[in-house]
Amino acid sequence: MPVCNSQAVPLRILMLMPGAEVRGPVAPVATALAAALRGLGCTVVNLPWGRRRDDEEPHDKLSGRSRDIMRVWRAGGARRFDVLLIHSAHDENTLVRDIALALAVRRRFPRIVLQIHGGQPERLNRRGQRPFRVATTLLLRLVDGVLLLSSEEEHAWRRVYPRGDFFVVRNPFVPPREGASPARRGAGAPTLLFVGRLIREKGIHDLIDAMPTVVGRTSCRLLVVGDGPEVGTIRARVAALGLGAHVTLTGYLSGEALVAAYEGATALVLPTFHIEGFPTVILEAMHAGLPIITTPIRGAADHLRDGESALFVTPRDPAALASAIVRLLGDPALQERMANANRAGIGQFAPDIVARDHLDILMRVVNQ
């Protein structure tokens with residue numbers, strides 16, 4: 001086993017990540033991390049791992065993951081790596097594929113490290129979850145370290161698996177457009193911005209249910225950016241509540257259109273209770289200089305401060321959410337303080353800073 005340090009022997013890393021054609025933040029995050037690690041002198045080879053498209057059929061998944069495993073196995077034999085770094089999640093599907101991978105390539109790599117982008121450790125001790133718990137434990141035994149995106153997750157994982165080596169890291173953030181101006185607020189009524197996949201766990205239903213109270217007390221509009229399985233239900237709810245003049249659903253946006261949505265907004269509202277580490281949309285809002293209203297869970301609790309950079313609300317509480325929105329929109333001084341705090345805070349997610357932290361942890365795992 002090699003003895004590595006950042007001064008003498010940079011790490012040789014095989015990094016597994018989703019393909020660029022799959023929507024979501026993990027591929028861009030992993031790509032930025034790999035580039036920053038190379039800037040620190042590491043050798044990083046990226047390989048696709050996981051589904052190739054959002055509508056992948058079951059037989060495509062089976063054959064595709066089998067080919068992936070063989071590709072990783074061959075890469076480990078053709079070139080000596082110090083560590084295999086797997087970007088993944090934590091659910092039934094990812095457990096099956098990641099266990100199969102770890103069993104197949106364990107002897108090819110001195111160390112295997114798993115980075116979980118949203119885990120479910122709280123499920124492991126619930127009644128009826130024995131198969132999920134057994135599979136999770138097996139995977140944890142097959143890897144040498146686990147990278148997590150929040151201290152909340154770290155504490156939960158340590159409670160359910162005290163033998164594991166868990167580390168908290170940050171995802172790197174690359175601005176969507178170099179030189180973009182700090183948020184340029186549009187004229188007219190304040191604009192609340194929601195960005196995310198339209199699933200119940202993102203809190204979008206709670207936000208829609210809060211809007212009648214909000215528009216009854218202050219002038220504003222809500223821009224909902226994203227698509228997903230709940231879009232039809234959300235449109236129906238907007239119509240039923242008579243919010244058609246106040247709520248706009250744009251569908252999925254990217255590139256300049258997404259940048260424009262942030263730049264024209266007054267605040268980001270994300271009342272999520274989803275199993276994710278630290279939503280990329282919060283980083284995008286920080287970069288845009290937006291005040292943020294969100295829930296004090298996972299990475300938000302680590303990186304935001306209630307009343308300073310964000311207003312925290314209880315998950316699944318539309319009344320509390322409405323009160324927070326009305327408070328923020330009625331206090332321009334608070335908006336400005338939060339905007340300044342978030343513009344300053346985004347620097348801690350610069351890729352070179354994040355990569356140094358990753359490298360320190362990976363070297364600890366390699367040398368243990």
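Residues are numbered from 1 along each chain as its sequence is written. Because the model is predicted, local features need pLDDT of at least 70 and side-chain atom pairs count only at pLDDT 80 or more, while totals for chains, interfaces and linings use all residues, and side-chain values use heavy atoms, without hydrogens and water.

On a 1 Å grid over the protein atoms alone, a cavity is a set of points where a 1.4 Å probe fits but cannot get out; a pocket is an open set with protein on both sides within 12 Å along at least five of seven lines, and lining residues have an atom within 4 Å of a point. A volume is the space filled by probe spheres set on the points, which are joined across faces, edges and corners. The whole structure holds 4 cavities of 30 Å³ or more.

| Space | Volume |
|---|---|
| Second largest pocket | About 210 Å³ |
| Second largest cavity | About 50 Å³ |

The lining of the second largest pocket includes Glu 122, Glu 152, Glu 201 and Phe 273. His 274, Ile 297 and Arg 298 are among the residues that line this pocket, and the second largest cavity is also lined by His 274, Ile 297 and Arg 298, among others.

**Arg 97**

Arg 97 lies in helix H3 (residues 92–105), where helices are DSSP runs (H or I, at least four residues) numbered from the N terminus.

Technical notes:
Helix = DSSP H or I, 4+ residues; strand = E, 2+ residues; numbered from the N terminus.
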